[in-house]
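Q: Could we go through this model together? I would like to begin with one loop and then move on to other topics.

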Amino acid sequence: MSTPDCLFCRIVAGEIPATVVRETATTLAFRDIDPKAPVHVLVIPKEHYADVATLGQGDPALAGEVLATAAAVAEDEGLLGDGFRLLFNTGAYGGQEVFHAHAHLLGGAPLGPMLARSVA
């Protein structure tokens, strides 16, 4: 299932170009167009889920495939030795901008603290 007005569904459909680094039958990984680290790859399920919570509840096996794809990309990009960050933004407070579940795979340099400021 896809949503016609969803940016990532349109990338999956080939309507919008992306620099794909890995593709499986159920997932797609492509470079972020506004990278926040030397390596910044988005890993998505091809099927539309609004966020990681609905993905995890609706299809736990597919959520696992997203994680497996992210791990394979991290290995391909040479990130396993020094480490990387895998980040899912969910909802407005979480900073989600595209409402199609996606993981940000970030690495290639020290990434600093998890949050820029204290939330207390």
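Q: Where does Leu80 lie?
A: In this predicted model, Leu80 is found in the loop between helix 3 (60-76) and strand 4 (84-87).

Q: Which residues form a nonpolar patch on the surface with Leu80?
A: Leu67, Phe84 and Leu86 form that patch together with Leu80. The accessible area of the four together is about 340 Å².

Q: Changing topic, how many helices and strands are there in the protein chain?
A: The protein chain has three helices and five strands. Read from the N terminus on, the order of the elements is α-β-β-β-α-α-β-β.

Q: And what about pockets: how much space lies in the largest pocket?
A: The largest pocket holds about 1,000 Å³ of space. It is lined by 33 residues, and those closest to its centre are Lys36, His40, Leu87, Asn89 and His104.

Q: Which elements give two or more residues to that lining?
A: They are helix 1 (7-12), strand 2 (27-31), strand 3 (39-45), strand 4 and strand 5 (103-107). Helix 1 gives the most, with three residues.

Q: What is the lining of the largest pocket like by class?
A: It has 19 nonpolar residues, along with seven polar and seven charged ones.

Q: Last topic, overall dimensions: what box do the C-alpha atoms fill?
A: Taken along the principal axes, the box is roughly 35 × 35 × 25 Å.

Q: What radius of gyration does the protein chain have, and what would a compact globule have?
A: The protein chain has a radius of gyration of 14 Å.

Conventions:
Residues are numbered from 1 along each chain as its sequence is written. This is a predicted model: local features need pLDDT of at least 70, side-chain atom pairs count only at pLDDT 80 or more; totals for chains, interfaces and linings use all residues. Side-chain values use heavy atoms; hydrogens and water are left out. Patches are made of residues with over 30% relative accessible area and no salt bridge: like charges are joined within 9 Å, nonpolar side chains (Val, Leu, Ile, Met, Phe, Trp, Tyr) within 5 Å. Accessible areas come from the Shrake-Rupley method with a 1.4 Å probe; for residues, only the protein chains shown count as cover. A salt bridge is a side-chain nitrogen of Lys or Arg within 4 Å of a carboxyl oxygen of Asp or Glu. Helices (H or I, at least four residues) and strands (E, at least two) are DSSP runs, numbered from the N terminus. On a 1 Å grid over the protein atoms alone, a cavity is a set of points where a 1.4 Å probe fits but cannot get out, and a pocket is an open set with protein on both sides within 12 Å along at least five of seven lines; lining residues have an atom within 4 Å of a point. Grid points are joined across faces, edges and corners, and a volume is the space filled by probe spheres set on the points. Ala, Val, Leu, Ile, Met, Phe, Trp, Tyr, Cys and Pro count as nonpolar, Asp, Glu, Lys and Arg as charged, and the others, Gly among them, as polar. The radius of gyration is taken over C-alpha atoms; the globule rule is 2.2 Å times the number of residues to the power 0.38.
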